[in-house]
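Please open the structure in your viewer and keep the selection panel at hand. We will take it one stop at a time.

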Amino acid sequence: AQSVTQPDIHITVSEGASLELRCNYSYGATPYLFWYVQSPGQGLQLLLKYFSGDTLVQGIKGFEAEFKRSQSSFNLRKPSVHWSDAAEYFCAVGAKAAGNKLTFGGGTRVLVKP
Amino acid sequence: EAGVTQFPSHSVIEKGQTVTLRCDPISGHDNLYWYRRVMGKEIKFLLHFVKESKQDESGMPNNRFLAERTGGTYSTLKVQPAELEDSGVYFCASSRDRGFYEQYFGPGTRLTVT
């Protein structure tokens, strides 16, 4: 069975500082990996995805993530956060063998200090 | 292109009542998914439609939940009778017809059972 762990429930970061959100997954084969963001009052928006190929993927809003097979990780990074990045971030894993349904981590809530 | 829409955005009902949630996927998306996030927990898969057929309903919690997708277009999720533990945010997502594509999420319906 697939599982996803986001170890950090809350992270507080100063505006302009760098941000890294951790995600570890468990799956027997190469999964499809996603990061979604939910801003206050909004739905889930896809930030980026990894299916295959280059293990460093670029997403929207200046985010990037790196797939590390040896560590079963897919951490999300942003070099310089903006106040508008305050939101809840979800890592998710999917696989064709699992019928394409997504398994989500518990989410990390990011607070941005001025 | 219009996104995934859900109605209502909020619903407050009493225990024992019935509630029906609606999801309109992106036009042309054959795959439709329902997910749920109860308070403090991760987002969990409920079921998956391919057109009007239920492909996977392994995540449906019990027989008080009934999902339909008439004509392969919009979908409804009915909870009857509602219990306190059904409170949470219900998300709908859709994706294209073949292979594995990213799922586009709606804004969710917040259901509160009192």
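Predicted model: local features only at pLDDT ≥ 70, side-chain atom pairs only at ≥ 80, totals over all residues.

Residues are numbered from 1 along each chain as its sequence is written, chains are lettered from A and ligands numbered from 1 in the order in which they are written, and side-chain values use heavy atoms, with hydrogens and water left out.

**Stop 1: the interface.** Select chain A and chain B together. The contact (heavy atoms within 4.5 Å) draws 23 residues from chain A and 18 residues from chain B. About 1,600 Å² is buried between them, 61% of it from carbon and sulfur atoms; buried area is the accessible area (1.4 Å probe) that two parts lose on being put together, summed over both.

**Stop 2: a charged pair.** Now pick Lys49(A) and Glu102(B). They form a salt bridge, with their closest N and O atoms 3.4 Å apart. The term means a side-chain nitrogen of Lys or Arg within 4 Å of a carboxyl oxygen of Asp or Glu, and the count between chain A and chain B is three.

**Stop 3: a loop glycine.** Finally, select Gly28(A), in the loop between β4 (24–26) and β5 of chain A; strands are DSSP runs (E, at least two residues), numbered from the N terminus. Is Gly28(A) buried or exposed? Gly28(A) counts as exposed because its relative accessibility is 83%, and the cut-off is over 50% (1.4 Å probe, protein chains only).

Notes: Helix = DSSP H or I, 4+ residues; strand = E, 2+ residues; numbered from the N terminus. Buried < 20%, exposed > 50% of the residue type's maximum accessible area, 1.4 Å probe, protein only.
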